[in-house]
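I'd like to walk you through one structure today, starting with where the chains meet. Let me put it on the screen.

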Protein chains: 2
Amino acid sequence: ALPDARLLPGQRLARGVARALMALDFVSLEEMIPAPGLRVDLMALGPKGELWVIECKSGRADYAADRKWQGYLDYCDRFFWAVDADFPTALLPEGTGLILADAYDAEIIRMGPETPLAGARRKALTLKFSRQAAGRLQALRDPRA
Amino acid sequence: ALPDARLLPGQRLARGVARALMALDFVSLEEMIPAPGLRVDLMALGPKGELWVIECKSGRADYAADRKWQGYLDYCDRFFWAVDADFPTALLPEGTGLILADAYDAEIIRMGPETPLAGARRKALTLKFSRQAAGRLQALRDPRA
């Protein structure tokens, strides 16, 4: 585990969000790749197979630089932004979820609207989530493989 | 990662099998729990969602003590035993797969017969695999959570 100081601001938010989602029985995978060319900050998987994408923005500039977030909507049942208490939340588009986070915890302020994945997309995405999570775990368990 | 000497004999086989399966583009999860009361030595997940169970037996006594393996058949598309070169393979039941392994590598000697999972079972099992893999990865990344 990285000491806090070595985490980038976005990673600190992601950690807090992941902890809070665990309390809702969602597991999370950081920097998950739902499709070639896309990489989401956090993909969370719920007890019934719900897939949520959470994009963590450390500030206004970080948010303004994001050109890809609308592409993520097709790869989740709900979409959220995670920001810290200083973030100007009025910037964020309507119809997206909002999570207030720090490095230690987080709170869902507004649920992302539900946009359920179609069956085939959900199946493929769950498989990718599985394979990326297990592949990373395997690399940690057996780094010499 | 554990140094070799700290792995139990069955864990050494599991590591060799996991490495060999990686070459077939299967990721693996050790001690996966497919259902309450069941725990398989290795569950492997293939690129098309194939689910294989591999039970690792360090010797005759280890094999003879196994009362649960037939229950695992309902939770995989193929079932294999993994044993080392000294194992008396004539003991193993017909109609099961065989992998010859050591701590470093493995070779599939006989494919387990294909017994495709039904859709609902596959879906539930893939979700469990995902959640167990991501949950363990998360515990390693953020042990203080």
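This is a predicted model: local features need pLDDT of at least 70, side-chain atom pairs count only at pLDDT 80 or more; totals for chains, interfaces and linings use all residues.

So, across the interface of chain B and chain A there are 15 residue pairs in polar contact, counting pairs with both residues at pLDDT 80 or more.

Which parts of chain B supply at least two residues each to the side that touches chain A? That would be α1 (9-23), β1 (27-35) and α4 (119-141). The one that gives the most is α4(B), with 13 residues. If you sort that side of chain B by residue type, you get 17 nonpolar, seven polar and 11 charged.

Okay, charges. Between chain B and chain A the count is six salt bridges. If you want one to zoom in on, take Asp142(B) with Arg19(A): their side chains meet at 2.7 Å, N to O.

Now the overall interface. We've got 35 residues of chain B in contact with 35 residues of chain A. Together the two chains bury about 3,000 Å², and 57% of that is on carbon and sulfur atoms.

Last bit, the packing. The largest nonpolar core has 56 residues.

Leaving out residues up to four places away in sequence, its contacts include Val27(A), Leu29(A), Met32(A), Trp52(A), Tyr75(A) and Leu125(A). Phe129(A) is also among the residues that Met43(A) touches.

Methods. Residues are numbered from 1 along each chain as its sequence is written. Chains are lettered from A and ligands numbered from 1 in the order in which they are written. Side-chain values use heavy atoms; hydrogens and water are left out. Contact means heavy atoms within 4.5 Å. Buried area is the accessible area (1.4 Å probe) that two parts lose on being put together, summed over both. A salt bridge is a side-chain nitrogen of Lys or Arg within 4 Å of a carboxyl oxygen of Asp or Glu. A polar contact is a pair of N or O atoms within 3.5 Å; within protein, one must be able to donate a hydrogen and the other to accept it, and residues adjacent in sequence count only if both atoms are side-chain atoms. Helices (H or I, at least four residues) and strands (E, at least two) are DSSP runs, numbered from the N terminus. Ala, Val, Leu, Ile, Met, Phe, Trp, Tyr, Cys and Pro count as nonpolar, Asp, Glu, Lys and Arg as charged, and the others, Gly among them, as polar. A nonpolar core is a set of buried Ala, Val, Leu, Ile, Met, Phe, Trp, Tyr and Cys residues joined through side-chain atoms within 4.5 Å. Buried means under 20% relative accessible area, exposed over 50%, partly exposed in between (1.4 Å probe, protein chains only).
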